[in-house]
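Okay, thanks everyone, let me put this one up on the screen.

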Amino acid sequence: MATTPFHHPVPRDARVYIAGHGGLVGSAIWRHFESVGFTNLVGRRSKELDLRDRESVRAFFDEARPDYVIDAAAKVGGIFANSTYPAEFLSDNLRIQTNLLDAAHEFGVERFLFLGSSCIYPKFAPQPIREDSLLTGPLEETNDAYAIAKIAGVMQVQAIRRQYGRSYISAMPTNLYGPGDNFEIPGAHVMPMVMRRMHEAVAAGDREFTIYGTGTPRREFLHTDDLAAACLVLLERYDDPAPINIGVGEDVTIDELVRMIAEVVGYDGEFVHDTSKPDGTPRKVLDVSRIKALGWEPTVELRDGIASVYRWFLEHQSTFRR
C-alpha cells in the first residue's frame with residue numbers, strides 16, 4: 001500500500017484516450033472530463049478501431065500518441081450472457097486489455113488506468129470485500145471467464161510496473177448503472193433488465209412480475225457519473241500496484257432493488273420468484289475506505305439514480321430491439 005501521498009495534477013490540455021468512450025462507462029468518463037475542462041479527449045468507436053486487433057491498436061497509438069489512457073473498453077453482460085458466451089468473454093477481454101497496455105508502454109503513455117470489475121473477488125469473500133481478498137478463493141461460476149480476464153489485467157498492470165517502472169494503476173468498480181446502459185434482453189445486467197421488463201409489464205397491464213432467482217442476493221450499485229469522477233481522482237492521487245475498489249459501501253437485496261424500480265416505473269402488481277434462475281454470488285459489497293481516504297465520495301442516491309436512468313430509457317426506448 002502507498003505510504004506517502006501521491007499528487008499528480010493532470011493538465012487539462014493533456015491528450016487523454018478513453019478506450020470504450022461510446023459505452024456506458026466510457027461515455028460517463030468523457031462527459032465528466034469535458035465538464036471539468038479537458039480539451040483534448042480522444043476516442044474511437046469499435047467500427048473505427050477493433051481493440052482485439054493488435055496491429056490496429058499499435059497503429060492507433062503511433063498516430064494518436066496519448067499522454068493518458070483510461071481503459072473502459074470491455075465485453076460485458078449479465079448472468080445469462082456470461083454463462084452463455086464464456087469463451088468470448090475471456091478471449092475478447094484478454095485481447096482488448098493486453099493490446100492497450102502493451103501499446104501504452106511501447107509508446108510512452110505516462111499514466112494508464114485499467115478498469116476491472118468487482119467480480120474478480122472470490123464468491124464467498126468476507127464482506128465488505130477488501131482489495132486483499134483477490135485470489136484467496138474460488139470465483140462465482142456464472143462469470144468466472146470474465147473475472148479471470150479482468151484478474152489478468154490487474155496482473156499485467158502490476159507486471160508492467162514491476163518490470164518497467166510505469167505508473168499504471170487498476171481500479172475495481174462495483175455494479176454500475178447509468179444513462180446509455182444496455183437494455184437488450186437477454187444480455188443486460190440486472191437493473192436495466194428489470195427496468196425494461198417492468199416497463200413492458202406496465203404497458204401490457206400485467207398484474208404479476210417474475211423476479212429471477214430468490215431475490216435474496218445483495219448487490220451494490222454505483223452510478224457511472226460517480227465512477228467517472230473517481231477516475232480523475234485516481235489519476236491524480238493514486239499510484240500503487242494494488243487494485244483499488246470503487247463503490248458506495250452499501251448494498252440492497254434484489255427484491256429491494258425491484259421494488260425501488262417498481263416505484264419509479266409505476267408498477268403496483270404482485271411479485272413472484274422463479275427460483276430455477278441462478279442467483280449468482282450471495283452478497284457483493286465493496287470496502288471503499290481506501291478511495292474515500294483520497295477524498296472521493298459517491299453523490300448519487302440509488303433511488304434518484306434509478307429515476308434518472310428510467311427517464312433516459314423512456315427517451316431512447318424506440319432504439320432497443322424487441
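So, where is the place of Arg219? It sits in strand 8, residues 218-219; helices (H or I, at least four residues) and strands (E, at least two) are DSSP runs, numbered from the N terminus. Quick housekeeping: this is a predicted model, so local features need pLDDT of at least 70 and side-chain atom pairs count only at pLDDT 80 or more, while totals for chains, interfaces and linings use all residues. Residues are numbered from 1 along each chain as its sequence is written, and side-chain values use heavy atoms, with hydrogens and water left out.

Why pick Arg219? UniProt, in an unreviewed entry, lists Arg197, Arg219 and Asp279 under "binding site". Those positions are in the numbering used here, feature names are shortened, and annotations may be inferred rather than shown by experiment. From this set, Arg219 is in the lining of the second largest pocket. A pocket here, on a 1 Å grid over the protein atoms alone, is an open set of points where a 1.4 Å probe fits, with protein on both sides within 12 Å along at least five of seven lines, and lining residues have an atom within 4 Å of a point.

Arg219 counts as buried, at 11% relative accessibility; buried means under 20% relative accessible area, exposed over 50%, partly exposed in between, with a 1.4 Å probe and protein chains only. Beyond four places in sequence, its contacts (heavy atoms within 4.5 Å) include Asn175, Asp251 and Asp279. On that last one, a polar atom of the Arg219 side chain lies 3.4 Å from the backbone oxygen of Asp279.

Strands 8 and 11 run antiparallel, joined by two bridges, and two strands pair if DSSP finds at least two bridges between them. Arg218 has Thr253 in strand 11 as its bridge partner.

Over to Arg197: that's in helix 6, residues 190-204, and is buried at 16%. Leaving aside neighbours within four places, Arg197 contacts Ile185, Phe209, Thr210 and Tyr212.

Key
Polar contact = N/O pair within 3.5 Å; in protein donor to acceptor, adjacent residues only side chain to side chain.
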